[in-house]
Amino acid sequence: MDYSNAAVEGVSSVSVLEANELLAANYFYLDVRTMEEFASGYVAGSVNVSFMNKENGAMTPNPAFMTLVEKIFPDKSTNLLLGCKSGKRALMAGAAMRGQGYSNMINADGGFDEWQAQGLPSTK
């Protein structure tokens, strides 16, 4: 599957400016970056569940990802904004979540890199 910053089936993408507006409209921001990336800065109010873990210099799938997401967001119709560093992992996470029944996901195109570039609210 091609996870370039194009929409994945069931996961649309919006600009980070639109994503910021959605946060005020009953959306939750799920940051799927590693814990280390998240600790260096994140969208205010976001929840971090790493989709991939960095081990021995390589990114590997987090086997607990879906379990943790289901624990934090048990209602699979919850409005979720998905974000990562630049957009690829968020789309991959969205595809995995779609496969488990999540239905209201939007990718923040450009991820946290673009969020910061646009000067949007973040926490460090």
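Predicted model: local features only at pLDDT ≥ 70, side-chain atom pairs only at ≥ 80, totals over all residues.
Residues are numbered from 1 along each chain as its sequence is written, and side-chain values use heavy atoms, with hydrogens and water left out.

Helices (H or I, at least four residues) and strands (E, at least two) are DSSP runs, numbered from the N terminus. Two strands pair if DSSP finds at least two bridges between them. Contact, or touching, means heavy atoms within 4.5 Å. A residue is buried under 20% relative accessible area, exposed over 50% and partly exposed in between (1.4 Å probe, protein chains only).

Five strands form an open sheet with parallel pairing, in the order β1-β8-β7-β2-β4. Strands β1 and β4 stand at the edges with a single partner strand each, so one side of each has no neighbour in the sheet. Helix α1 packs on this sheet and touches β1, β2, β7 and β8, its direction making about 105° with that of β1; axes here are lines fitted to C-alpha atoms, for helices over the stretch in contact, and angles run from 0 to 180 degrees between N-to-C directions.

Within the sheet, strand β2 (residues 28-31) is joined to strand β7 (residues 80-83) by four bridges, and the two run parallel. Strand β2 also pairs in the parallel sense with strand β4 (residues 47-48), over two bridges. Asp 31 shows both pairings: opposite it in β7 stands Gly 83, and its bridge partner in β4 is Asn 48.

Returning to helix α1 (residues 16-23), its buried residues are Val 16, Ala 19 and Leu 22. These cover an arc of only 105° around the axis, which puts them on the same side of α1; the arc is that of the directions from the helix axis to the C-beta atoms.

Helix α3 (residues 65-72) can be read in a similar way. Its buried residues are Phe 65, Met 66 and Val 69. They span an arc of only 90° around the axis, and this places them on the same side of α3. Thr 67 and Lys 71 are exposed on the other side of α3. The cover over the buried residues of α3 includes β2 and α4.

How do α3 and α4 meet, and at what angle do they pack? Helix α3 and helix α4 (residues 88-99) pack at an angle of about 70°, with their axes 11 Å apart. The two are therefore roughly perpendicular to each other, a label for angles of 65 to 115 degrees, whereas those under 35 count as roughly parallel, those over 145 as roughly antiparallel and the rest as oblique. Phe 65, Met 66 and Val 69 in α3 meet Ala 93, Ala 96 and Met 97 in α4. By class, this contact has six nonpolar, no polar and no charged residues; Ala, Val, Leu, Ile, Met, Phe, Trp, Tyr, Cys and Pro count as nonpolar, Asp, Glu, Lys and Arg as charged, and the others, Gly among them, as polar.

Helix α4 also holds Arg 89, which is buried with a relative accessible area of 13%.
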